Amino acid sequence: MKFMIVGKASPETEAGTLPSQELVDNMHAYNESLAKAGVLLAGEGLYPSSAGAQIAYSGGKASVIDGPFAEAKELIAGFWLIQVKSREEAIEWALRVPVPPDHDGIGLDVWRVFDATDVPDESTPAEERAYEEGLRERLGVDDPR
């Protein structure tokens, strides 16, 4: 099962303030532990929302809204994509994320990632399965089935 651990933004991350060297070192150690356990698929920090954009839809038309966006607590500052055996294991890893002491009220989200293996083969048309397998092959991504 794949899960995404989502780190919430703070006023500091939205201001573009770099973390302390201690936190960077702790994050590196955490990322290394994920990698050594063989569960880390990806993990990145994000720039503040001022460097981003949102796309809103109304009446079938898209409009682009430049950042920055509203409440920092509703934004994300980074993520880890992990592959583990259960939701409980994903939560165990999320509980190990190093978080600065001044981040009271700012948490993490743990979301299960929808995967092609979640759909039984018999419910997916053969053409769609073939397309997906070809795409994975071209991208060099292993089929999780």
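This is a predicted model: local features need pLDDT of at least 70, side-chain atom pairs count only at pLDDT 80 or more; totals for chains, interfaces and linings use all residues.
A residue is called exposed here when its relative accessible area is over 50%, buried when that area is under 20%, and partly exposed in between.

Helix α2 runs over residues 21–37. Its 17 residues reach 24 Å from the first C-alpha to the last, close to the 24 Å expected at 1.5 Å a residue. On the face of α2 turned away from its buried side sit the exposed residues Gln 21, Glu 22, His 28 and Lys 36. The buried residues of the helix are Leu 23, Tyr 30 and Leu 34. They cover an arc of only 40° around the axis, so they lie on the same side of α2. What do the buried residues of α2 pack against? Their partners are strands β1, β2 (40–45) and β5, together with helix α3 (87–94). After α2 comes Gly 38, with a positive phi near 75°.

The structure holds 1 salt bridge, and it joins Lys 8 to Asp 109, with the closest N and O atoms 3.4 Å apart. Lys 8 belongs to strand β1 (residues 2–8) and Asp 109 to strand β6 (residues 108–112), so the pair ties together parts that are 101 residues apart in sequence. Side chains of opposite charge can pair when their charged atoms come close. Are the two partners buried, exposed or partly exposed? Lys 8 is partly exposed, with a relative accessible area of 23%, and Asp 109 is partly exposed as well, at 25%.

Next comes the surface around strand β4. Val 64 is found in this strand. With a relative accessibility of 59%, Val 64 counts as exposed, because the cut-off for exposed is over 50%. Together with Ile 55 and Tyr 57, Val 64 makes a nonpolar surface patch of about 370 Å².

The chain then passes from β4 (61–66) to β5 (76–83) through a loop, and Pro 68 is placed in that loop. Which form does the peptide bond from Gly 67 to Pro 68 take? That bond is cis, with omega near 10°.

Technical notes:
Residues are numbered from 1 along each chain as its sequence is written. Side-chain values use heavy atoms; hydrogens and water are left out. Helices (H or I, at least four residues) and strands (E, at least two) are DSSP runs, numbered from the N terminus. A salt bridge is a side-chain nitrogen of Lys or Arg within 4 Å of a carboxyl oxygen of Asp or Glu. Buried means under 20% relative accessible area, exposed over 50%, partly exposed in between (1.4 Å probe, protein chains only). Patches are made of residues with over 30% relative accessible area and no salt bridge: like charges are joined within 9 Å, nonpolar side chains (Val, Leu, Ile, Met, Phe, Trp, Tyr) within 5 Å. Accessible areas come from the Shrake-Rupley method with a 1.4 Å probe; for residues, only the protein chains shown count as cover. The expected span of a helix is 1.5 Å times one less than its number of residues. The arc is that of the directions from the helix axis to the C-beta atoms. Contact means heavy atoms within 4.5 Å.
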